[in-house]
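Here is a friendly briefing to read with the model open beside you.

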Amino acid sequence: MPTFPSSAVVREVGLRDGLQSIQTILPTPLKQAWIRQAYAAGQREIEVGSFVPARLLPQLADTAELLAYAQTLPGLRASVLVPNLRGAESAIAQAAHLMIVPLSASHMHSQANLRKTPDKVVAEVARIRAARDAAGSKTLIEGGVGTAFGCTLQGRVEPAEVLRLMQALLDAGADRVSIADTVGYADPRQVSELFEQALKIAGDRFCCGHFHDTRGLALANVYAALSLGVQRFDASLAGIGGCPHAPGASGNAATEDLAYMLASMRVDTGINLQQLLKLRAQVSEWLAGETTHGALWRAGLPKTFLETTV
């Protein structure tokens with residue numbers, strides 16, 4: 001029987017990974033309400049957006065404003081995705097807690113998504129680290145290795161290449177690294193095997209698992225990583241999300257489903273599920289017409305769970 005951590009962090013990525021993949025452009029006041037209510041429900045890590053040109057992703061054009069708002073909430077760690085040095089400079093200037101630099105282990109996806117090879121992304125991380133240090137900034141750098149289990153453009157990605165690139169990110173100056181199953185190709189055995197090797201390389205600098213539920217295995221994959229001691233997972237409220245350059249990358253792990261599974265396993269997340277489900281209902285109304293996901297939303301909290309948590 002595996003031994004599970006006593007606590008875990010669910011990092012909300014719906015405001016970035018979720019909204020970038022849908023047509024609806026959510027007004028800034030509603031995004032601020034999302035941040036505020038997620039915080040009230042107990043979430044303390046939220047990815048608020050991405051510093052990319054507004055012409056490319058108009059859904060995320062207000063990232064700077066959202067980051068400033070999130071920083072008014074005590075104890076909230078607000079992160080942003082930055083695809084290059086220019087984006088990193090914006091994150092540094094605004095004193096983001098964390099900037100996530102995405103790297104695709106799939107060379108074909110890397111070219112489609114970032115117009116760079118994976119090794120050029122590694123070189124960009126070195127420049128970002130130099131700029132961060134020169135500015136005397138405390139913003140952390142996370143190198144996120146995506147398409148780690150393959151993608152619809154290239155097909156298979158070798159685990160050895162994922163591990164090579166993860167080591168290269170650390171060598172280039174990333175403070176920590178994470179692994180993402182961008183298109184939902186992974187199964188629990190693959191996750192166990194790859195994450196075990198990743199932990200041997202990165203130790204406590206391996207920080208997060210990011211799983212898509214395209215084939216219904218996101219929570220099973222979280223379980224596999226959790227059993228190895230991983231304590232941080234990305235998730236998106238209502239399971240929205242994907243990647244514009246990865247066909248078939250539909251749906252992140254749903255925040256509410258993941259929070260429920262962890263609570264049921266007596267892994268503390270600090271999240272109030274009833275409050276989170278109320279927020280989920282609001283977000284679904286704001287995104288009327290968009291595809292949402294999630295099992296807990298349909299089934300509801302079981303009476304036995306409510307009796308043990310009130």
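**The largest pocket**

The largest pocket has a lining of 49 residues, and Val52, Leu81, Pro83, Asn113 and Leu114 lie nearest its centre. This is a predicted model, in which local features need pLDDT of at least 70 and side-chain atom pairs count only at pLDDT 80 or more, while totals for chains, interfaces and linings use all residues. Residues are numbered from 1 along each chain as its sequence is written, and side-chain values use heavy atoms, with hydrogens and water left out.

- The volume of the largest pocket is about 1,200 Å³.
- A pocket here is an open set of points on a 1 Å grid over the protein atoms alone, where a 1.4 Å probe fits, with protein on both sides within 12 Å along at least five of seven lines; lining residues have an atom within 4 Å of a point.
- Grid points are joined across faces, edges and corners, and the volume is the space filled by probe spheres set on the points.
- By type, the lining of the largest pocket divides into 21 nonpolar, 18 polar and 10 charged residues (nonpolar: Ala, Val, Leu, Ile, Met, Phe, Trp, Tyr, Cys and Pro; charged: Asp, Glu, Lys and Arg; polar: the others, Gly among them).

**Helix α6**

- Helix α6 covers residues 118-134, 17 residues in total, and reaches 25 Å from its first C-alpha to its last, close to the 24 Å expected at 1.5 Å a residue (1.5 Å times one less than the number of residues).
- Helices (H or I, at least four residues) and strands (E, at least two) are DSSP runs, numbered from the N terminus.
- Pro118, Val121, Val122, Glu124, Val125, Ile128 and Arg132 are the buried residues of α6 (buried is under 20% relative accessible area, exposed over 50%, partly exposed in between, with a 1.4 Å probe and protein chains only).
- The packing partners of the buried residues of α6 are α4 (85-93), β4 (98-104), α5 (107-114), β5 (140-146) and α7 (159-172) (contact means heavy atoms within 4.5 Å).
- Glycine 136 follows α6 and has a positive phi, near 65°.

**Helix α3**

- Which residues of helix α3 (residues 63-70) are buried? They are Thr63, Leu66, Leu67, Tyr69 and Ala70.
- The buried residues of α3 fall within an arc of 160° seen down its axis, so they line one face of the helix.
- They pack against α2 (28-40), β2 (45-50) and β3 (77-81).

- Most residues other than glycine have a negative phi.
- Alanine 95, in the loop between α4 and β4, has a positive phi of about 55° and is exposed, with a relative accessible area of 53%.
- Alanine 238, in the loop between β8 (232-235) and α10, has a positive phi of about 65° and is buried, with a relative accessible area of 1%.

- Methionine 261 is in helix α10 (residues 255-264) and counts as buried at 15% relative accessibility.
- Not counting residues up to four places away in sequence, methionine 261 touches Leu219, Val222 and Tyr223.
- Leucine 30 lies in helix α2 and counts as partly exposed at 27% relative accessibility.
- Leucine 30 and arginine 280 are 250 residues apart in sequence, with 13 Å between their C-alpha atoms.

Methods. The arc is that of the directions from the helix axis to the C-beta atoms.
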